[in-house]
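Here is a short briefing for a first look at this structure. Keep the sequence and the 3D view open while reading.

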Amino acid sequence: MAEQEKTPLVDIRHLKKYFNISTGMFSSKPLKAVDDVSFTIKKGETLGLVGESGCGKTTVGRTILQLYKPTGGEIIYDGKPVRTAKDLAAFRTKATMVFQDPYSSLNPRMTVADIIAEPLDVHNLCKTKEERRERVLQLMDYVGLNSEHASRYAHEFSGGQRQRIGIARSLAVNPEFIVCDEPVSALDVSIQAQVINMFDELQDKLGLTYLFIAHDLLVVRHISDRIAVMYLGKMVELAEARDIYDHPLHPYSKSLISSVPVPDPKVARANQRIVLKGDIPSPLNAPSGCPFRTRCQYATDACAQSMPEFKEVKPGHFVACHRTEEIN
Amino acid sequence: MSLLEVRDLHTSFFTDAGEVPAVNGVSFTLERGKVLGIVGESGSGKSVTAYSIMQILADTGKIVGGSIKLDGQELVGAGEKVMRTVRGNKISIIFQDPMTSLNPTYTVGHQLIEAIRLHTNRDQKQAYERAVEMLRLVNVNDPEKRMKQYPHEHSGGMRQRVMIAMALACEPDILIADEPTTALDVTIQAQILELMQSLQKELGMAIIMITHDLGVVAQLCDEIIVMYAGGICEQGTADEIFYNPRHEYTKGLMRSIPSVDNDGEKLQPITGTPIDLLNLPAGCPFAPRCDSAMKICIREKCASVRINDDHAAACWVNVKDGFNEAYDPDGTDNGEEV
């Protein structure tokens, strides 16, 4: 795509988010949920963000929208840094979020129309009631909901339809960029495909840019142009979706991709899985140096000494591993 | 004789809104040492089928018809006394959520020993040794230390290992695994699936694997049952179900999952939403969402027909295509092992 050569729409530089966890009555310790993560997303692109629970992928999404105040780093949107409260208010009319759980992210006491219109009310985007109503119906049409659903309450809908309501709400302010935090993981397989296709169609129709956070690698691979892999708050690999899926370079990505159960018995039986030993360490006691070294079969002493640099090893393919050349 | 024979099982829940037929005429046979996968979406009746076999249904649930035979012994109506000798000893179950299936107020060791002493006549010391041995079997490092710890000190994968150790402590003939890896991360899921596979080979037990993940069944199962709205759409060997699906619902499921084959293409989702079990239609329950539905599909439910020795499906499209031999789950004489 030619437009991908332009300046990035979203430019995240050295993003950090530490949470203070109390370890006693007067002591606390920083939990480095996101530690020095940098990436860019071009206009119209979908960047998939994968990793296991606790790796910080959701925190990245929330910190970008400043639902959490970043501990460090900079968020540059469309060439302008988001720093002051005024910047943030403007940023939030261009960047929105779709949440994972369609059951808890919708207010049970509001009608569908009011849920979808809430961002319009907050940002004062509609002058008249008539305008508001029309906009709500248009949004409902975008996501495949009938107009008679407008006066109903969220509990009257199935999981898939609730997720449609959540998506309509995120589209209300006419955003350019949407952070999708595990938007299909709570849905059944047959419904999941409907929602994935809708994300695709909306992107084509409205020219949206997505940060698509998920743990299901097959879904992420399907929807993303590029994929970033996170482990314990650090980004370990970033590349074109097909490139990373077919030729992962980081030992963690290799294992993660080989662990995905392939829905094809012959392939699954022949598949050589790289099964990792042990569990993900607690982010409170992250290992020194490379965070993955405790589970890595290639780890050497050097890996304990320093965190490997996140560098471009071939065009568009970034890896943070000391031994990339030796093990590939 | 087959290890487990389920025939025309009907289980309903009696709620304020009316009778909910969660399982509608399920029949299958499980042979010794085989891995059977039951796939379906939420509400398809896959878990209720398993809970019916164990008879651990909620108070409102009841088996209203059919037969479940374990080693020739009828379990439906056998009474709680008989079921107590079956549960844990002959059939064990592990649940989806390892976080809530262990008691947070007792140590892991206490709970393991309790389970072992309940089902065998080992004394405290022997039970302790058995518990340590089982933890070692499921690859828990330093089992003596782990025995003294509480569930919250264990990670999700570790807790699921403890659950597996507990389920296998009495060497059951059948292990029912109800979405055992759904709550776990993929790398931990790979560890648990590999563990289950190697234990199954080592101990020679049969496994009923309940899951919504077609990838998991492809990796683990010899035979597969696909369920929709409480009934079986299709059953057969893994290769038959994946490479020769004969029910429109199974075909739809295969098309709707992202894979290497439909790379860059649009997914083809199944339209509509799953059916309400309170208002089951007279015809095929999948007909309202089916693109190939014919008039007969709306009018009449299709019985399971035999496709070949390893495969049966309940879809009128097959009848139209000339498959009209009724499927006989007892038909062991023609080599059928579905």
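## The second largest pocket

The second largest pocket has a volume of about 820 Å³. Of the 32 residues in its lining, A:G278, A:D279, B:S155, B:M158 and B:Q191 are the closest to its centre. This is a predicted model: local features need pLDDT of at least 70, side-chain atom pairs count only at pLDDT 80 or more, and totals for chains, interfaces and linings use all residues. Residues are numbered from 1 along each chain as its sequence is written, chains are lettered from A and ligands numbered from 1 in the order in which they are written, and side-chain values use heavy atoms, with hydrogens and water left out.

- A pocket is found on a 1 Å grid over the protein atoms alone: it is an open set of points where a 1.4 Å probe fits, with protein on both sides within 12 Å along at least five of seven lines, and lining residues have an atom within 4 Å of a point.
- Grid points are joined across faces, edges and corners, and the volume is the space filled by probe spheres set on the points.
- In chain B, α5 (143-147), α6 (156-168) and α7 (186-203) each supply at least two lining residues of the second largest pocket.
- Helices (H or I, at least four residues) and strands (E, at least two) are DSSP runs, numbered from the N terminus.
- The largest share of this lining comes from α7(B), with five residues.
- By class, the lining has 10 nonpolar, 12 polar and 10 charged residues.
- Here Ala, Val, Leu, Ile, Met, Phe, Trp, Tyr, Cys and Pro count as nonpolar, Asp, Glu, Lys and Arg as charged, and the others, Gly among them, as polar.

**Covered helices**

- Buried means under 20% relative accessible area, exposed over 50%, and partly exposed in between (1.4 Å probe, protein chains only).
- Nine of the nine residues of α9 (residues 251-259) of chain A are buried, so this helix is largely enclosed by the rest of the structure.
- Among the buried residues of α9(A) are A:P251, A:Y252 and A:K254.
- Helix α1 (residues 46-54) of chain B is mostly covered, with seven of its nine residues buried.
- B:K46, B:V48, B:T49, B:A50, B:S52, B:I53 and B:M54 are the buried residues of α1(B).

**One buried loop residue**

- B:I270 lies in the loop between α10 (248-256) and α11 (295-299) of chain B.
- B:I270 counts as buried, at 5% relative accessibility.
- Contact means heavy atoms within 4.5 Å.
- Not counting residues up to four places away in sequence, B:I270 touches A:S190, A:Q194, B:Y249, B:G252, B:L253, B:F286 and B:R289.

**Aromatic rings**

- Rings of Phe, Tyr and Trp (its six-membered ring) pair if their centres lie within 6.5 Å; planes under 30 degrees apart count as stacked, over 60 as edge-to-face and the rest as tilted.
- By this rule there are 12 aromatic pairs over all chains.
- A:F19 and A:Y68 are edge-to-face, with ring centres 5.3 Å apart and planes at 90°.
- This pair links distant parts of the chain, 49 residues apart: A:F19 is in strand β1 (residues 10-22) of chain A, and A:Y68 is in the loop between α1 (57-64) and β4 (72-77) of chain A.
- A:F19 is partly exposed, at 26% relative accessible area.
- A:Y68 is also partly exposed, at 26%.
- A:Y231 and A:F292 are edge-to-face, with ring centres 5.1 Å apart and planes at 85°.
- A:Y231 is buried, and so is A:F292.
- A:F199, A:Y210 and A:F212 form one aromatic cluster.

**Charges over rings**

- A charge sits over a ring if NZ of Lys or CZ of Arg is within 6 Å of the ring centre and within 35 degrees of the ring normal.
- The charged end of A:K17 sits over the ring of A:F19, 5.1 Å from its centre.
- For A:R221, the charged end sits over the ring of A:Y245, 4.6 Å from its centre.
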